[in-house]
Amino acid sequence: MMMIHATCVSIDGHGVLLRGPSGSGKSDLALRLIDAGAHLVGDDYCRYHTESGWAGDVLIASPRPELAGVLEVRGLGLIRVGHVQDVPVRLLFDLCPGQIPERMPVPETVELSGVAVPRLFLDPFHASAAAKVRLAVRVITGDVVLLS
């Protein structure tokens, strides 16, 4: 099992990793996504493994049993929320608070347990951050087409 310092949420069954150091906005952004209909997989750390499928290897995220359904909300503390297990990871956001991401980024991936996962950069505290995450999932799944 591999550990990544990231919060994972599921949007329409697609795992999204929100990666960054402590205080970078992982749980805050996850809370906004959950409030809009996403489901928590795990806050801060999940367990990951690969599964082989018809389209190749897939990275699967699962909550750590001792923290399943627990989300840290600054100013409130630890709260219990609904959660899901065994979600295929489709996207990773590296959180960069206070930085302006590129307007037209070149597509890139990061390799996690031998699986190439698309990576984007995001300031999690921008008002549109949660909407951008949801839109990026729609792009990855082909529901929305990027113009080149």
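**Close-up views of a predicted model**

**View 1. Strand β2 and its two partners.** Strand β2 (residues 14-19) is largely enclosed by the rest of the structure, because five of its six residues are buried (under 20% relative accessible area, with exposed over 50% and partly exposed in between; 1.4 Å probe, protein chains only). Strands (E, at least two residues) and helices (H or I, at least four) are DSSP runs, numbered from the N terminus. This is a predicted model: local features need pLDDT of at least 70, side-chain atom pairs count only at pLDDT 80 or more, and totals for chains, interfaces and linings use all residues. Residues are numbered from 1 along each chain as its sequence is written, and side-chain values use heavy atoms, with hydrogens and water left out. Strand β1 (residues 6-11) pairs with β2 in the antiparallel sense over six bridges; two strands pair if DSSP finds at least two bridges between them. Strand β8 (residues 87-95) runs parallel to β2, joined by five bridges. G15 of β2 stands opposite S10. In β8, G15 has V89 as its bridge partner.

View 2. Two residues lie between the strands in the hairpin of β1 and β2, where D12 takes a positive phi near 55°. D44 sits in the loop between β3 (39-42) and β4 (46-53). Its phi is near 70°, positive in a residue other than glycine. D44 counts as partly exposed, at 24% relative accessibility. D86 belongs to the loop between β7 (77-80) and β8. Phi of D86 is also positive, near 50°. At 48% relative accessibility, D86 is partly exposed.

View 3. V115 is part of strand β10 (residues 115-122). The residue counts as buried, at 8% relative accessibility. Its contacts (heavy atoms within 4.5 Å), leaving aside neighbours within four places in sequence, are T50, D57, V58, L59 and V110. V58 is 57 residues away along the chain, yet the two C-alpha atoms are separated by 6.5 Å.

**View 4. The crossing of helices α1 and α2.** The axes of α1 (residues 26-35) and α2 (residues 129-140) come within 9 Å and cross at roughly 70°. That makes the two helices roughly perpendicular (65 to 115 degrees; under 35 is roughly parallel, over 145 roughly antiparallel, the rest oblique). From α1, L29, R32 and L33 meet A129, A130, V133 and R134 of α2. These contact residues divide into five nonpolar, no polar and two charged (Ala, Val, Leu, Ile, Met, Phe, Trp, Tyr, Cys and Pro are nonpolar; Asp, Glu, Lys and Arg charged; the others, Gly among them, polar).

Methods:
Axes fitted to C-alpha atoms, helices over the stretch in contact; angles between N-to-C directions.
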